[in-house]
Amino acid sequence: MADPRGFLTVTERVTQPKRPVPIRLMDYKEVTERQAAGTLKSQAGRCMDCGVPFCHNGCPLGNLIPEFNDLVYKDRMDDAAARLLSTNNFPELTGKLCPAPCEASCVLGINQPAVTIKQVEAELAEHLMDGGDFTPAPPARHTEFRVAIVGSGPAGLAAAQQLTRAGHTVAVYERDEAIGGLLRFGIPDFKLEKHVIDRRLEQMRAEGTIFRTGIEIGKDITWTQLRRDYDAVIVATGATVPRELPVPGRELGGVHHAMEFLTENNRVVAGLKSERGIDAAGKHVIVLGGGDTGSDCIGTALRQGAASVTTLAIGKQPGTERSENHPWPMMPVLFEVQSSHEEGGERTYLASTVNFVGGEGSKQNTVIGVTVAETEFVAGKRLPKPGTERVIKADLVLLALGFTGPEDSGLVEQVSTEFDNRGNVARDGYYMTNADGVFAAGDSGRGQSLIVWAIAEGRACAASVDKFLMGSTTLPAPVAPTDRAISII
């Protein structure tokens with residue numbers, strides 16, 4: 001029986017049937033399609049070669065966007081790809097995964113749709129993958145210096161390629177069984193098939209970069225040993241500590257961090273694991289968090305055969321146009337519809353999680369529902385509004401709430417490395433920590449951020465390491481470690 005306010009009781013709520021997800025056959029192949037040549041040329045031709053190209057500011061890498069657009073328009077794809085590679089080590093990654101802050105800064109965006117810069121970049125990357133210039137570029141000479149890079153995400157790989165090409169002997173250490181970090185195990189194949197990573201790794205190996213997998217620094221090898229064996233060390237471990245949700249019922253079975261779910265499924269898809277321990281098949285899945293990781297959870301749960309998928313976001317639904325708080329050329333916060341959202345599921349905003357509901361009897365330690373309430377803003381805080389509570393049926397809950405910073409991994413104990421007040425590895429204006437010769441790049445020093453920032457920081461950190469070793473450097477340093485803005489005026 002419903003209560004006097006018109007709400008169902010907890011028992012009634014959790015037994016209500018959800019709108020079923022349409023049955024379809026879904027694989028893990030990439031869902032994006034290539035752009036037609038005519039459309040590509042038309043978009044590249046819209047670029048105005050501005051006197052002051054703000055897209056350069058929008059892109060942390062400083063990609064020469066008007067230049068490669070002009071070359072694409074002139075059907076000089078090899079030259080355009082070379083121009084892109086001069087500032088971006090991995091356009092095949094940014095073309096698929098970057099949210100394109102450059103487009104937000106496109107001058108055309110003042111009064112009309114911006115040039116589809118990301119799609120042009122993606123097509124240039126595909127051109128390279130289809131037989132363009134993937135020729136290894138080993139150094140003409142080798143130095144006497146050895147550099148260790150801990151972590152094989154985009155920051156670590158970018159730093160490794162830059163330093164290898166500068167002539168140093170570079171070894172990349174990865175605790176997982178394969179190179180790539182979250183590129184390989186965190187991002188589903190329907191967004192990034194792993195042969196894309198493998199193709200680039202072949203080039204890097206041919207250039208001389210050494211990859212060592214299954215080794216956890218701080219445990220299998222101490223940071224002290226690493227510093228003794230190498231002339232410089234780069235910490236590029238990423239921000240892997242998940243943000244927690246301290247509400248009643250968090251300890252119930254069936255409540256997992258998103259990366260537990262995604263990394264396990266990626267291993268199954270890759271054939272590195274025989275079966276899933278966290279399986280959405282036939283279950284009502286709740287995803288908490290409306291960002292990229294949340295959408296990855298949606299697409300993965302649907303492919304596993306979930307009965308329903310519901311995303312709960314604590315904040316308001318973003319608008320479809322720029323707000324006054326994000327004027328051009330800043331990166332706006334807009335309502336996004338990614339491929340996973342188009343595939344199925346429901347999205348609910350202004351939903352505050354109150355607690356997780358456990359079952360009875362044999363299921364008393366297992367989640368069967370999520371109590372949510374409308375979000376209200378009180379004194380600048382987002383709080384659940386009393387009297388609006390309701391329970392949503394849930395057999396599996398995935399926490400996609402972001403990350404709070406890097407793991408310690410023995411850095412403090414073994415190297416006395418300091419962390420800043422945001423929980424990141426502290427560093428100076430040249431990416432060096434308080435430990436001489438130990439540097440930090442990417443999310444480990446900057447906090448959770450974008451892939452384009454990781455590559456930019458990897459390149460900039462490599463320049464600082466090269467100067468530390470050689471006394472000077474010719475390597476580019478596109479960003480400073482203190483620059484946290486996505487786009488600046």
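Which residues does UniProt list for "domain: Dihydroprymidine dehydrogenase"? In this predicted model, the span in question is residues 26-128, as given in an unreviewed UniProt entry.

The domain assignment divides the protein chain into domain 1 (3-128), domain 2 (144-238 + 402-468) and domain 3 (243-400). Between the C-alpha centres of domain 2 and domain 3 the distance is 30 Å. Their contact takes 15 residues from domain 2 and 16 residues from domain 3.

The size of an interface is often given as the accessible area lost when the parts come together. For domain 2 and domain 3 the buried area is about 1,400 Å², of which 53% is on carbon and sulfur atoms. On the domain 2 side, the most area is lost by Phe185, Phe190 and Gly402, which together account for 40% of what that side buries.

Polar and charged groups also take part. Between domain 2 and domain 3 there are 3 salt bridges and 8 residue pairs in polar contact. Helix H10 (182-185) and strand E15 (403-405) are the elements that give two or more residues to the side of domain 2 touching domain 3. H10 provides the largest share of that side, 3 residues. By type, the residues of this side are 6 nonpolar, 3 polar and 6 charged. Elsewhere in the description of charged pairs, Asp176 forms a salt bridge with Arg267, with the closest N and O atoms 3.3 Å apart.

Terms used: Residues numbered from 1 in each chain as written. Predicted model: local features only at pLDDT ≥ 70, side-chain atom pairs only at ≥ 80, totals over all residues. Heavy atoms only, no water. UniProt positions renumbered as here; feature names shortened; annotations may be inferred. Domains from an automatic or database assignment. Contact = heavy atoms within 4.5 Å. Buried area = accessible area lost by both parts, 1.4 Å probe. Salt bridge = Lys/Arg side-chain N within 4 Å of Asp/Glu carboxyl O. Polar contact = N/O pair within 3.5 Å; in protein donor to acceptor, adjacent residues only side chain to side chain. Helix = DSSP H or I, 4+ residues; strand = E, 2+ residues; numbered from the N terminus. Nonpolar A, V, L, I, M, F, W, Y, C, P; charged D, E, K, R; others polar.
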